[in-house]
Amino acid sequence: MTESGSYKDTVNLPKTKFDMRANATKREPEIQQFWHDNQVYERLSQENPGELFILHDGPPYANGSLHIGHALNKILKDIINRYKILQGHKVSYVPGWDCHGLPTELKVLQNMKSAERQSLTPLQLRQKAKDFALEAVNEQRESFKRYGVWGDWEHPYLTSNPEYEAAQIAVFGDMFLKGYIYRGLKPVHWSPSSQTALAEAELEYPEGHTSPSIYAAFPMTNLADAAKDKLSEFLPDLGIAIWTTTPWTIPGNLAVAVNPELNYAVVEAENLTAVDFKYLIVAADLAERLSETFGTKLTVKATFKGKDLEHSTYRHPLFDRVSPVIIGGDYITTESGTGLVHTAPGHGQEDYIVGQRYHLPILVPVDGNGKFTEEAGKFAGLKVVSTNNEISEGNQAIIDALTEAKSLIKHEPYAHKYPYDWRTKKPTIFRATEQWFASVEKFRETALKEIKSVQWIPAQGQNRITPMVADRSDWCISRQRSWGVPIPVFYDEETNEVVLNEDIIKQVQAIIAEKGSDAWWELSVEDLMPERYRNDGRNYRKGTDTMDVWFDSGSSWASVVEQRPELRYPADMYLEGSDQHRGWFQSSLLTSVAVNGIAPYKIVLTHGYTLDEKGYKQSKSLGNVIDPRDVIEGGKNQKQEPAYGADVLRLWVSSVDYTNDVGIGKNTLKQIMDIRNKIRNTARFLLGNLHDFNPQTDAVAFEDLPQIDKYMLHRMTEVFTEITQAYETFQFSRFFQTVQNFCIVDLSNFYLDVGKDRLYISSENGSRRRSCQTVMQIALENLTKAIAPVLCHMAEDIWQFLPYETPEKSVFEAGWVQLEEKWKNPELVKFWEKIRQIRNDVNKVLEEARIDKMIGSSLEAKVLLYIKDEELRNSVKSLNDNSKNGVDELRYFFLTSQAEILDAPGIEECKHKLQTDNWEIGVTKADGEKCDRCWNYSTHVGESKEHPLLCERCVSALAGEF
């Protein structure tokens, strides 16, 4: 052959049907179907040889479409589960849904006309809520599956399933029989808009709330003995000054509380015409500040300790009653207000506790609609809170009445955090009602001890949940709603006493297990209670309260983890958003500790919220919402919102530091797609160049590998050990960085770039080619396994296109990364890092020469290299000169036709050069002619009569000798 270009068919170019494009919208569902048809998850989850790993799913609400936060949560769980499967663990993941409660009930009611709502019976509402929840479950389930999340989707747990409800009744019963659950009249967060009590976890504190704060004075009527000496002279012109941000609670005032250790003062007020008092009692440290606030001079006339005021009395300015001054707790400070606290036991937790000490009645002149009752006298029927951040009619009426009574010192707006109902987005009130409570303080010490036994990721999770539990004395577990699990209690009609014991609990539990909780509304009292109550001459009624949804989901350790034979209690891990320290993590901990004395989990991992790229909360009004469906399938405008597929979403999840709030947007997704494509193209290059490689027959023994290959195997031990560590410690962003760096820097830009000459130019079975393929096959299989937990579809896609037989159909059957001890050669690292540094500098000089048009391709160049360090120079020279394998030569590393190592500086004549502290590099034109097959320049082109256009290497390659 003497014609130019006639050798192209003798070059070993890559061959693979693995597509350059991911084509995710078509290919991912095909891969998911392959997993389904081959029952890959089902088999591995049961048949893997390793220990069982249980990540227990926190149930999302079954009320609407999924958002990006759901995707973050479920994908994190799936990454962990898939990694555990690859590690050989049995993994049983049972997804769940929270079906009961206000969120679902509200959605149902919003979709109904007013007249329809009025005639709705509890059972009709429950049926509609159930239908709505099941519809949402089915929609959400399909979305989760499309994310590539593996689990027992055919048998999820629903908190509305009879077996779940029955186990929850058992948890309630156990806690009741231990004396942990009781009924009491206590102030709770009450939502007038939802008509029910709420738990702390059902509240939010939006920015921008203002309340009408007031300073008022009540006339002192009598002084305690300890105060008479100092204060008698100021009567009857003496008022006790209070401050509150809830004027509507004034009708409920039954005491004023002081801090026993604080210093208080009688101050003389000049020109304070708004009130009938010449003298006021305030905290001594606040006199100066209050002087400014009131706009008048306050002169201290006497000082005394707070405890001296105890049992003094004052008259309510609006109602005909006299009330005491009492000793409060350390919640009374001089940080704000007057240092004296208006106390309404029916409207505040601290008020209630201190009121109990003094046997104060619990006065609640506000009804469930948030309106004053007849007990509030002339204020009856007025609303106490407004929904538009303006002063409510109730607050305004109290302010006006205090002004008229000459009791109001000052009124001003006050911006602060105020609790709103998380569903209706409307303000709540503190209001004492008859509710069921779990007495957390009875098992709190055990709960705090168990918190310490759990591994919290990140570690500050422990610091978040600890004070929440430590400060919690009671948990209000009853709700005044229909859609939920009933509190299985009966009342004696005559005495109103609670009738509940072990027999009743067991009977109700058995009925609910068989018929579901609808039975509570369907069956009569006689059918629900054990037989012995039927003819005992008493009349009973059943309770109408349902349980807090946090009690529902908080019982999942009993209803799911403990009940299902394929699971194990306690679970290995709970994983949810950081808001669950006060939600599911806590309710699960409290119920599990109350019943069994242990935490229901060994590890708790939390993630932050999802924001947009600028760090703003995603909201429809801002137009910055990223819908996971649009990320996967593409939006309405596919140019602006292209279909990226689930793997890009999954790779994004691995890229972020989930321990903080995380951002996502169009730019982020495009960058993630580019990285996915780089990983994909690296895999495609590896696949294409292994098209004729059989690992069983063609692999080169480790001992016979060139040094660059041994270095690459050592590098793989570093990379895949780092990736394994990243998965083991749940630091997926470390995986993301490492795998990206490995594909781009180690493989594409170095090893595979250098390897092209060996792969394409050598004879098909030449050892220089087969040794490179040996390393590439190891890299490909390990890379595929390492990305599989995250890029599950792409990994499976790669595995399906492996050009040689494997015993495993799926990558997930192949197990985790395989590394051999003999590949570890840390002594190679220092030397090869220097080679790579030299190569980077050579590339800089070659680029200069290319820009200057001295060369086109780097193969048109010859490199002159002088290394200043003698030891390194000799090592490089030795490798270069003694290489008999046609691989470990500098010219191949530099992709040039020649490379010469100089014994002394000598690059001055070179037009293009670089001098550093460590070496000098010069570039000249390569010697010889261009080979028509490999495009290297050689002084031996033309020496072969048979192949006059070829260099000596290609002549040997065609003869099968190179």
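## Helix packing: α12 with α19

In this predicted model, helix α12 (residues 444-453) and helix α19 (residues 584-596) have axes that come within 9 Å and cross at roughly 115 degrees. Helices (H or I, at least four residues) and strands (E, at least two) are DSSP runs, numbered from the N terminus. Axes are lines fitted to C-alpha atoms, for helices over the stretch in contact, with angles running from 0 to 180 degrees between N-to-C directions. The crossing of α12 and α19 is right-handed; a crossing takes that name if the near helix is turned clockwise from the far one by less than a right angle, and is left-handed if anticlockwise.

T446, A447, E450 and I451 of α12 form the contact with L589, L590 and V593 of α19, where contact means heavy atoms within 4.5 Å. By class, the residues of this contact are five nonpolar, one polar and one charged. Here Ala, Val, Leu, Ile, Met, Phe, Trp, Tyr, Cys and Pro count as nonpolar, Asp, Glu, Lys and Arg as charged, and the others, Gly among them, as polar.

## Helix packing: α26 with α27

Helix α26 (residues 767-787) packs against helix α27 (residues 792-800) at an angle of about 150 degrees, and their axes are 8 Å apart. That angle makes α26 roughly antiparallel to α27 (under 35 degrees is roughly parallel, over 145 roughly antiparallel, 65 to 115 roughly perpendicular and the rest oblique). The crossing of α26 and α27 is left-handed.

On the α26 side, L780, E781, T784, K785 and I787 take part, meeting C792, M794, A795, I798 and W799 of α27. This contact of α26 with α27 has seven nonpolar, one polar and two charged residues.

## Nonpolar cores

The largest nonpolar core has 158 residues, of which W652, I787, F812 and W832 touch the most other members. Helix α25 (residues 732-761) gives the most to this core, with 14 residues. Apart from it lies another core, of 73 residues, including W243, A257, A269 and Y418. A nonpolar core is a set of buried Ala, Val, Leu, Ile, Met, Phe, Trp, Tyr and Cys residues joined through side-chain atoms within 4.5 Å. Buried means under 20% relative accessible area, exposed over 50%, and partly exposed in between (1.4 Å probe, protein chains only).

Leaving out residues up to four places away in sequence, F812 touches W35, V40, L44, R82, I85, L86, W150, A788, C792 and E796.

D518, in the loop between α14 (502-515) and α15 (519-522), is buried, with a relative accessible area of 17%. Neighbours within four places in sequence aside, D518 is in contact with L123, R126 and Q127.

E268 belongs to strand β12 (residues 263-269) and is buried at a relative accessible area of 18%. Not counting residues up to four places away in sequence, E268 touches K278, Y279, K297, L298, T299 and K301.

## Backbone features in loops

The peptide bond from L235 to P236 is cis, with omega near 0 degrees, and P236 lies in the loop between α8 (225-231) and β10 (238-244). The bond from I457 to P458 is also cis, with omega near -5 degrees; P458 is in the loop between β21 (455-457) and α13 (460-470).

K425, although not a glycine, has a positive phi of about 65 degrees. K425 is in the loop between β19 (420-421) and β20 (429-439) and is partly exposed, with a relative accessible area of 48%.

## Basis of the values

Residues are numbered from 1 along each chain as its sequence is written, and side-chain values use heavy atoms, with hydrogens and water left out. In this predicted model, local features need pLDDT of at least 70 and side-chain atom pairs count only at pLDDT 80 or more, while totals for chains, interfaces and linings use all residues.
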